[in-house]
Amino acid sequence: MDAVKAGPVPAPAAPPPAHRGGGALHVALIGNPNTGKSTLFNALTGMRQRVGNYSGVTVERVEGRYRDAAGNPVVVLDLPGTYSLSAASPDEEIALGVLLGRAPGVPAPDVVVVVVDAQNLERNLFLASQVLELGVPTVIALNQVDAARAAGLQVDPIELTLELGAPVVATVATRGEGLDVLKHAVAQAPSLPRPERLFSLPADAARALHPVEALLAASGLAAGAAAMESLRLLAVDHTDGHLAGIPGLAAAVAQARADVTGAGHAPRSLEAEVRYGWIADVVERTVTRVAEVGRTLTDRIDAVALHRVWGPLLFVALMGLVFQSIFTWAQPLMDAVEGLFNALGGAVGAVVPPGDLHGLLVDGVIAGVGSVLVFLPQIVILFLFIGFLEDTGYMARAAFIMDRFMRSVGLHGRSFIPLLSGYACAVPGILSTRTIESPKDRLATIMVLPLMSCSARIPIYTLLIGAFVPPVALAGVFNLQGVTLLAMYLLGTLSALGMAAVFKRTLLRGQARPMIMELPPYRIPSVKGLALSVWHRARLFLKKAGTVILSLSIVLWGLATYPKTSPTPGATADQAQEQQLAHSVLGRMGHAIEPAVRPLGYDWKIGVGIVASFAAREVFVSTMGTIYGVGAADEQSGSLRQELQHERNPATGRPAYTPLIAVGLMVFYVFAMMCMSTGAVTIRETGGGWKGVRWAAFQFGYMLALAYVSAFLVYQGGRLLGFT
Amino acid sequence: MSVRRALSDLEAGARGRVVEMSGDGEALKRLMDMGLIRGTTVEVVRRAPLGDPIEVRLRGFMLTLRRTEAEHITVE
């Protein structure tokens, strides 16, 4: 890394750096959010992308490659969108670390491409001016020049090249314009003079900063980078990871602040004031306003979308549409997935002779993986909507509308959509918490997200309500069954918000994070970009299904199958299955936990259902089907309902299930975190490794505790009140 | 007019020039990085339907901030 940046600034025509690893040129793409950076990245690299994480943090690492005109391989790293290199958020810290060549496992870039939005040159040049100082070969992609022209702004790329001392290429990423020129400029950049600081500090301030700069340079930073960092450190309070080890730095910064203040400057605002002062001159010389444009389309849309009355109405209507589509559009696809796995099971079952291998493949592997993959259509549709809202620019508006409400439970406006997604499935909800900047808010959101009643709970609610809640009318309009279902959803939602408030006041206590957020102009999203982001996330889920979920399915099948018993003579196939289950490890586990669940009103059979559904809650229904020997059961199954209604407790002769027990059981499932996919995603998104496992275990534990206590209170409290 | 007021007290549609900024380091730094510094002209565009946060226009783009953050910004 040092070989790349060692060139003193300015170095006339420095030789191209020696490339590492197969001779590929490493390019880092950086820019403000909403500059079309990702579109440019997609246009440059096409489908050749890899998505992963930076080590130790949940910041997405997106990498792609292309070959330049000479046929040389180029690796492009798409850094997270950021407004500055202030290292205030994990995204900014990563971006700064990569550019300085200090991010673990990421090679220092040979060339940096700064994407700037031509419509918004002033704000975009702030980041560009910081990057230029680092002394790494830099190319400026002046993007969205078409939109700027439409807004009456003309930016002169040649004039801007002279001002910045780095090549400026005009691009329209959405139409692929300017890409060849950009690729050419990237290939040439290493042989151009290195960029450098373009403004000078007031002499007294420069003197005050000198000791800090010297310390940083001695620690191995290039001269330009040391100058950039010393100016930046004047305004930040926290110690950044990559600077923590420099002895005497904190004291030198404190002294520099005092000296700068003594010279009559404000240390906190010095960097912004000198940079924006320089930018104002640059903009004056390079931007011409050719036409006055009145209200933009965005202004007109926002007059409705953020209106005091229409705004919230539109918001509710949009969310309603999203959910309506998830449940109606996904249904045929879900049926298709289910049919596919049934057919697969049938086909495999026909080839493999009956026996343990048959059971393992058909009941274990195929049924187990199928029961999870059936949610793939919902997950894909939800990601499509989230991506669409994000790419059009509406997501920021949703956060703006909901911020006041979310803040009442200590969360940020950005937490709302992920939580809402939890009604369909916690997996996409947790994955979409990445837009929440504050790590603590993000963790709190992930922790409470599985409390939102997801679609996997519907089979359980439907079975129990159908069997035990009479369809009587309430107040003439409402049906008691529907009201019960609604109550379950409300219970989940309110406890999610309540627990978020608890976590934010205890475990994840922290300062309220600022709601400083850009409302970007509305845009029509690119189909390709949307498809890619949905694909990356769906693939993540598929990978889990192929690994974690597959192995757990096999384990569960084994628990339900061994040890073997021979059925009593004359038993039907269903009865034989029932006896086998009772005899298996799973059945014994049900017996073993009976003392623990008896205070909730459950017998060992419900115990088996609970144990079996630890991996996926909807398994409860099919397990009850097996226990009651009704063969393949689903929640609509009339025979399973009747079996449950007629089941007697052998000790007392009274019904084993009462409406009270059924309600308690539903409440149990409102709270219990019984979903291995969610657990796997929580581990990944809370930092992975043991750290992630600990958070996932905590999530599982507190939700199980909530479930147990609530079911206990419902049952025992209900009995005290005289219900049955 | 050169009446000094907190940005949070400005009506929708009103504009002013920033004369002073104070308050919490992180929020302040973020605002300054985005171009809200002394001398910048800001216009309050609207308040969110629940009264908070507020939307402002500066340097040709739209920014949201909470009242608690806008209270620390004095404009004239």
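## Lining of the largest cavity

Helix 30 of chain A gives the largest share of the lining of the largest cavity, 3 residues. This is a predicted model. Helix 30 spans 676–685. Helix 18 of chain A, 426–431, also supplies at least two residues of this lining.

In total, 20 residues line the largest cavity. Five of them lie nearest its centre: Phe375(A), Cys425(A), Ala456(A), Cys675(A) and Ser677(A). By class, the lining divides into 15 nonpolar, 3 polar and 2 charged residues.

## Cavity count and volume

How many cavities of 30 Å³ or more does the structure hold? There are 4.

Over all chains, the structure holds 15 aromatic pairs. One is formed by Phe126(A) and Tyr276(A): the ring centres are 5.2 Å apart and the planes meet at 20 degrees, so the pair is stacked. Planes under 30 degrees apart count as stacked.

This pair links distant parts of the chain. Phe126(A) belongs to helix 4 of chain A, residues 121–133. Tyr276(A) belongs to helix 11 of chain A, residues 267–286. Are they buried or exposed? Both Phe126(A) and Tyr276(A) are buried.

Phe503(A) and Tyr702(A) form an edge-to-face aromatic pair. Their rings lie 5.1 Å apart, centre to centre, with 90 degrees between the planes. This pair, too, links distant parts of the chain. Phe503(A) sits in helix 21 of chain A, residues 480–505. Tyr702(A) sits in helix 31 of chain A, residues 689–720. They are 199 residues apart.

Phe503(A) is buried, and Tyr702(A) is buried as well. Both also belong to one aromatic cluster, together with Trp695(A) and Phe698(A).

## Arginines over rings

Which ring does the charged end of Arg123(A) sit over? It is the ring of Phe61(B), with the charged end 4.3 Å from the ring centre. Here the arginine is in chain A and the ring is in chain B.

Arg397(A) has its charged end over the ring of Tyr522(A). The distance to that ring's centre is 4.2 Å. In this case the arginine and the ring are both in chain A.

Methods
Residues are numbered from 1 along each chain as its sequence is written. Chains are lettered from A and ligands numbered from 1 in the order in which they are written. This is a predicted model: local features need pLDDT of at least 70, side-chain atom pairs count only at pLDDT 80 or more; totals for chains, interfaces and linings use all residues. Side-chain values use heavy atoms; hydrogens and water are left out. On a 1 Å grid over the protein atoms alone, a cavity is a set of points where a 1.4 Å probe fits but cannot get out, and a pocket is an open set with protein on both sides within 12 Å along at least five of seven lines; lining residues have an atom within 4 Å of a point. Grid points are joined across faces, edges and corners, and a volume is the space filled by probe spheres set on the points. Helices (H or I, at least four residues) and strands (E, at least two) are DSSP runs, numbered from the N terminus. Ala, Val, Leu, Ile, Met, Phe, Trp, Tyr, Cys and Pro count as nonpolar, Asp, Glu, Lys and Arg as charged, and the others, Gly among them, as polar. Rings of Phe, Tyr and Trp (its six-membered ring) pair if their centres lie within 6.5 Å; planes under 30 degrees apart count as stacked, over 60 as edge-to-face and the rest as tilted. Buried means under 20% relative accessible area, exposed over 50%, partly exposed in between (1.4 Å probe, protein chains only). A charge sits over a ring if NZ of Lys or CZ of Arg is within 6 Å of the ring centre and within 35 degrees of the ring normal.
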